[in-house]
Amino acid sequence: MFRIQDLAKIYTRRGQQVVAFETPSLDIPPGQYVALVGPSGSGKTTLLSILGGMLSPTRGQILLDGVSLYEQTPAERARLRGITIGFVFQAFNLVPYLTALENVQIPLYLAGVNKQKQREQAAELLGHLGLADRLHHKPCELSAGQQQRVALARTVANNPPVILADEPTGNLDPDSRTHVLNFLDDLHGRGRTIVVVTHDPSAAQRAQRQLKLRDGAIIEELTAAKVSRAA
Ligand SMILES: Nc1ncnc2c1ncn2[C@@H]1O[C@H](COP(=O)(O)OP(=O)(O)OP(=O)(O)O)[C@@H](O)[C@H]1O
Ligand SMILES: [Mg+2]
């Protein structure tokens, strides 16, 4: 799905360079569930944004299904992103004057789904995430954790083959957390490629592979077998 070669994102501030993320190579095969873990500032959001086609690297190449993402025109990259990638941002970016249901309907509307189906599918997704009784609330009438789940529902509404999520369980109580983690397991079971940033060790253990980042580098990799042995 993703193939990264000799990639780096380097910021320069007042003559000083900060390596936000750097790796000689990284492959993420289709259908893999990957967790990115590591302290604040270690480069997790940077890597996720580069994978999502939203942040061009300073050097190196990233292939999405064999297509070099950052050698496309911005319009072509946006098109590829639109059909392939669902992104859950660290800040949720919900439309404030639309209800939860309407926010989740947006991608379905943009894909040309009829109104009745938009409502049914959006309501079903929100139901899976434990929000059946909050369909008609606006973001300001929802808790942070509820907004986060609406954002997740909106991201997956169009069935993108790749889901990139930045701290999707960050604001959640234990029950909602379980809803979201089960939901991601379910998407993984249905063949989606998932990369999730998390500070939560038990959430990271759901993944098949954990990449630990520090100071912009991958310092350790745990595969599913080791993850379950460590549990
Ligand atoms: N626009 C920018 N200009 C300069 N430095 C930046 C910029 N964006 C990020 N950085 C630096 O790059 C490094 C990696 O940032 P990143 O946002 O990827 O961290 P993170 O692992 O997602 O952290 P957190 O867990 O706090 O979200 C940090 O040291 C940060 O200060
Ligand atoms: Mg981050």
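This is a predicted model: local features need pLDDT of at least 70, side-chain atom pairs count only at pLDDT 80 or more; totals for chains, interfaces and linings use all residues.
Just after helix α1, glycine 53 takes a positive phi of about 75°. Most residues other than glycine have a negative phi.

Aspartate 65 lies in the loop between β4 (59–64) and β5 (67–68). Arginine 14 has 4 C-beta neighbours inside 10 Å, so it counts as exposed. Aspartate 65 has 13 such neighbours inside 10 Å, so it counts as partly exposed.

Back to α1 itself, which covers residues 44–51. This helix is mostly covered, with seven of its eight residues buried. The buried ones are Lys44, Thr46, Leu47, Leu48, Ser49, Ile50 and Leu51.

Two of those names, Leu48 and Leu51, turn up again as contacts of leucine 164. Setting aside neighbours within four places in sequence, leucine 164 also touches Gly52, Ile85, Phe87 and Val195. Leucine 164 and Val195 both belong to the largest nonpolar core, which has 57 residues. They are among the residues with the most contacts inside that core, together with Val34, Leu36, Val104, Leu126 and Ala153. In soluble globular proteins, nonpolar side chains tend to be buried together.

Now for some helix packing. Two packed helices are described by the angle between their axes and the distance between the axes. Helix α3 (residues 100–110) has two partners to look at: α5 (residues 144–156) and α4 (residues 115–128).

| Helix pair | Axes come within | Crossing angle |
|---|---|---|
| α3 and α5 | 7 Å | roughly 25° |
| α3 and α4 | 9 Å | roughly 120° |

Take α3 and α5, whose axes cross at roughly 25°. That makes α3 roughly parallel to α5, and their crossing is right-handed. On the α3 side, Ala100, Asn103, Val104, Ile106 and Pro107 do the meeting, while α5 supplies Val150, Ala153 and Arg154. By class, the residues of this contact divide into six nonpolar, one polar and one charged.

What about α3 and α4, parallel or oblique? With their axes crossing at roughly 120°, α3 and α4 are therefore oblique to each other. This crossing is right-handed as well. From α3 come Ala100, Leu101, Val104, Gln105, Leu108 and Tyr109; from α4 come Gln118, Arg119, Gln121, Ala122, Ala123, Leu125 and Leu126. Sorted by class, the contact of α3 with α4 has nine nonpolar, three polar and one charged residues.

Val104 and Leu126 both take part in the contact of α3 with α4. Val104, Ala153 and Leu126 are also among the residues with the most contacts inside the largest nonpolar core.

One last stop is alanine 224, in helix α8 (residues 224–230). Is this alanine buried or partly exposed? Alanine 224 has 15 other C-beta atoms within 10 Å, so it is partly exposed. Leaving out residues up to four places away in sequence, alanine 224 touches Gln208 and Arg209. The C-alpha atoms of alanine 224 and glutamine 208 are separated by 4.4 Å, though the two are 16 residues apart along the chain.

Note on methods
Residues are numbered from 1 along each chain as its sequence is written. Chains are lettered from A and ligands numbered from 1 in the order in which they are written. A nonpolar core is a set of buried Ala, Val, Leu, Ile, Met, Phe, Trp, Tyr and Cys residues joined through C-beta atoms within 7 Å. A residue is buried if 20 or more other C-beta atoms lie within 10 Å of its own, exposed if 12 or fewer, and partly exposed in between; C-beta atoms are placed from the backbone. Two residues are in contact if their C-beta atoms, placed from the backbone, lie within 7 Å. Axes are lines fitted to C-alpha atoms, for helices over the stretch in contact, and angles run from 0 to 180 degrees between N-to-C directions. Helices (H or I, at least four residues) and strands (E, at least two) are DSSP runs, numbered from the N terminus. Angles under 35 degrees count as roughly parallel, over 145 as roughly antiparallel, 65 to 115 as roughly perpendicular and the rest as oblique. A crossing is left-handed if the near helix is turned anticlockwise from the far one by less than a right angle, and right-handed if clockwise. Ala, Val, Leu, Ile, Met, Phe, Trp, Tyr, Cys and Pro count as nonpolar, Asp, Glu, Lys and Arg as charged, and the others, Gly among them, as polar.
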